[in-house]
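This report describes how two protein chains meet and how two ligands are held. Please consult the sequence and the structure shown below alongside the text.

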Amino acid sequence: MGKGTGILVVAEVGEDGLRTGSLELLTVGRSLAEAMGGELTVVVPGAEVVEAARTVAASGADRVLVVDDERLASFTSGAWTAVVVHAVAETNPAALLIPGTTSGRDYAPRLAARLRLGLAADCVDLAVEDGALVATRPILGGRVQTVVRFEGDGPWIATVRPGSFERAKPTGEEAEIVSLTVELGDDDLKVRVVETLHEDTGGKRLDNAERIVAGGRGLKEPDRFNLVEDLARALNASVGASRAVVDAGWRPHHEQVGQTGQTVAPRLYVAVGISGAVQHLVGMQGADYIVAINRDPDAPIFKIASFGIVGDLFEVVPAVIEEINAARA
Amino acid sequence: MRIVVLIKQVPDMNTVKIDRATGKPTLDGQRVVSSFDEYAIEAGLRLKEQHEGEVTVICAGPPSVKDAITRALAMGVDNAVQIALPNANDIDTLTLATVLVVEIGKLEPDVVLTGQNSDDYQTGHLGPQLAELLGIPHLSSVTRIDGGDSEFSVQRDTEDGKQVVTVSTPLLLMAMTGLNEPRLPSIKGMMAAKRKPVEQVTADLPSAAPSLSWSEPFVPERTVTGTVVQGVAASEAATQLVTWLKEQKLL
Ligand SMILES: Cc1cc2nc3c(=O)[nH]c(=O)nc-3n(C[C@H](O)[C@H](O)[C@H](O)COP(=O)(O)OP(=O)(O)OC[C@H]3O[C@@H](n4cnc5c(N)ncnc54)[C@H](O)[C@@H]3O)c2cc1C
Ligand SMILES: Nc1ncnc2c1ncn2[C@@H]1O[C@H](COP(=O)(O)O)[C@@H](O)[C@H]1O
C-alpha cells in the first residue's frame, strides 16, 4: 500500500449515541494530523448513525465516512474488522486511532493481524517524533508505563484509553459526510447477536457520566450503600462501585469501575470507602477532579485525590450531604 | 471436544515494587499464572467435564514457565506444550501469535481459550490475533459459556450491558472475571501432574522486521497534588469540601 498520509479515527456509537471517547480521538487525531501532515478522516460504523456522524462532522473532522448497515446494529468483531479494513484501504492513513473500549480492544488486534500491522494497546498519550508515531501505554496494572515506537510504513494503529484526551468541541464548520458501503460476507458474520441484557434499568450509565459517586467496602453493609446513593443524588451524579462490593453482590457489575469494569472519565469522581487499588485507579484516574473520603490516611486513593478527607465516612458523608443542601437552599 | 488453553507466566502483581530511586519496577519476585488465564483453564476443564475430550495448555517463555504449566496440569489439564522463548515480552504480540499458532493448529482444537489480557503487558492482543491467524471467530470479555457440542451461547461484557451471542465451533474465547471461580490444585492433582506429558518445542521466530519497539518499563512522575483534610470534625471537613466544590465550579 505504501506509506500513507493523514489520520483515520474510528468513532463508536453505543446504545445511547456517540461515545465520548470518539470526540477525544478527534482532539488527538487533529493534533497528530497537524504534526504529520494530511487530513483527519473519521469513519462511523453502525446502524442509524447519521446523528452521530453529524456531531463528528461538526467537531473538527475534515471528512466523515458513514457505514450505516443494519447488520452493524450490535457489535461483532468480524463485521467491524471488515468495515475498518475497508476504510483503511479507502483512506491509506499514516495512523489509525481506535477507541480503547471493549469493542475497540476486541477488533483492533484482529484487524492488525489481518493487515500485518503494528498495534499499541490502550494508549494514554500519542506524539510524533522524527515523523513516527510514539505511544505511551500503562502496563503492570497501571503503575508503570512503556513507550512504544512504531517503525516501517504503517498504517500505525493505536487503541486509546477513554479519558486520555479532552473532548473535541463544535468548530462551527461542517465536514463533508460520505456514505460508504462495505460488503460483508458469511466469514465476517459468524457470530450472531441474540440480545443485549441490561441488568438494571434504574441506574444511570457510567461511561458518559459527568459526575460519579462510587462506594467501596468501607460502606460495610449493602444497606449502608444508601449513603452513596444519597450523595450521588445531592450532586446529581451516577453511582459507581469498586469490585469488592460488586463481587460481594451489593451492586450490579455495570456499576463497577476499574480494570475489569468500566473506564470512566467524569468531571467529578467521588470515592467513598474505596482504598484505591491499582485495578480501581486505572478505571477512574482520567477524572478531572477526584474527591476521596477514607479513614485511612495511607490509602492509595489519596495519592491521586484532588481533595481528600481523612475521616469516618458514616459521619463525613451525611455532613457533606447536609452542607450541599444548605448551599443549594 | 479438543480444547486448547493458552497461559502466560507473569510476575505476581502483589510482589511488584517500585524502586523510587531508579523509577523502575522490580519484576524478579515470584512468578505465577496470569490471573485471567486461571479463568480460561477453569473454563476448559468445565467444557471437558460437560462434553468429554481433552484439554491441552500451551505456554511460551523461559524455562521457569514449567511452574505455570505444572499448576495447570495439577488443576486437571491433560497435557501441555512448552515453547522455549527467552522472553515473551521482547517480541510483539503478532510475532508471538505467529509462533503459537503453529502449535495450536497441530492440535486442531474445537475451542481455544485465552485470558482477556495478561497481567503484565496487558495488551489483550493475543486472543483476537490468534483467532485471525487460525481463521476462526473470537469473543472477548466472556463471562458465561453455555451450550451444546458445536453451537455455543456466550455472554460478554460490553458498555451497553451483557451481549448474548451464538457461535459455532471452532472458536476462540477470551476469559474475563466473573466467568467462573477457578479451582485450586488438589494434592492428588499435584501428584498426577508430575506424570502428565509436556511436549518441549523450540520457537522459530520469523525474521521479518518488527513494526514496533518499546522502552523499558518506567514509573511516570506524579503531577497531581491535592488538598487533604485530616483531624477535623466531620462538619468542618464537609464545609471545606463544599467550598472547594464551589471554587472548582462543581456545585
Ligand atoms: C485481575 C484483577 C482485576 C481487578 N479489577 C478491579 C476493578 O475493575 N475494579 C476494582 O475496583 N477493583 C478491581 N480489582 C480488585 C482490587 O484489587 C481491590 O481489591 C478492590 O478495588 C478493593 O475494593 P475497595 O476499595 O472497595 O475495598 P478495600 O480495599 O477493602 O478498601 C476499603 C476502604 O474503605 C476504608 N474504610 C473502611 N471503613 C471506613 C469508614 N468507616 N470510613 C471511611 N473509610 C473506611 C478503608 O480504609 C479502605 O481503604 C481487581 C483485582 C484483580 C486481581
Ligand atoms: N507467552 C505466552 N504463552 C502462551 N499464551 C500466552 C502468552 N502470552 C499471552 N498468552 C495468552 O494471551 C492472553 C492475552 O495476553 P496479552 O495479549 O499479552 O494481553 C493471555 O491471557 C494468555 O492466554
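The rule finds five salt bridges between chain A and chain B.

The model is a predicted one, in which local features need pLDDT of at least 70, side-chain atom pairs count only at pLDDT 80 or more, and totals for chains, interfaces and linings use all residues. Residues are numbered from 1 along each chain as its sequence is written, chains are lettered from A and ligands numbered from 1 in the order in which they are written, and side-chain values use heavy atoms, with hydrogens and water left out.

**Interface**

Polar contacts (pairs of N or O atoms within 3.5 Å; within protein, one must be able to donate a hydrogen and the other to accept it, and residues adjacent in sequence count only if both atoms are side-chain atoms) link 39 residue pairs between chain A and chain B, both residues being at pLDDT 80 or more. On the side of chain A that touches chain B, 35 residues are nonpolar, 18 polar and 24 charged. In this division Ala, Val, Leu, Ile, Met, Phe, Trp, Tyr, Cys and Pro count as nonpolar, Asp, Glu, Lys and Arg as charged, and the others, Gly among them, as polar.

The size of an interface is often given as the accessible area lost when the parts come together.

**Ligands**

Ligand 1 lies between chains A and B. It is surrounded by 27 residues (a heavy atom within 4 Å), the closest being Ser242(A), Thr260(A), Ser275(A), His280(A) and Asn294(A). Around ligand 2 there are 18 residues, and Leu6(B), Asp37(B), Ala60(B), Ser118(B) and Gly124(B) are the closest.

| Residue atom | Ligand atom | Distance |
|---|---|---|
| Val257(A), polar backbone atom | ligand 1, nitrogen | 2.8 Å |
| His280(A), polar side-chain atom | ligand 1, oxygen | 2.8 Å |
| Ala60(B), backbone N or O | ligand 2, nitrogen | 2.8 Å |
| Gly124(B), polar backbone atom | ligand 2, oxygen | 2.7 Å |
| Leu126(B), backbone N or O | ligand 2, oxygen | 3.0 Å |

Key:
Salt bridge = Lys/Arg side-chain N within 4 Å of Asp/Glu carboxyl O.
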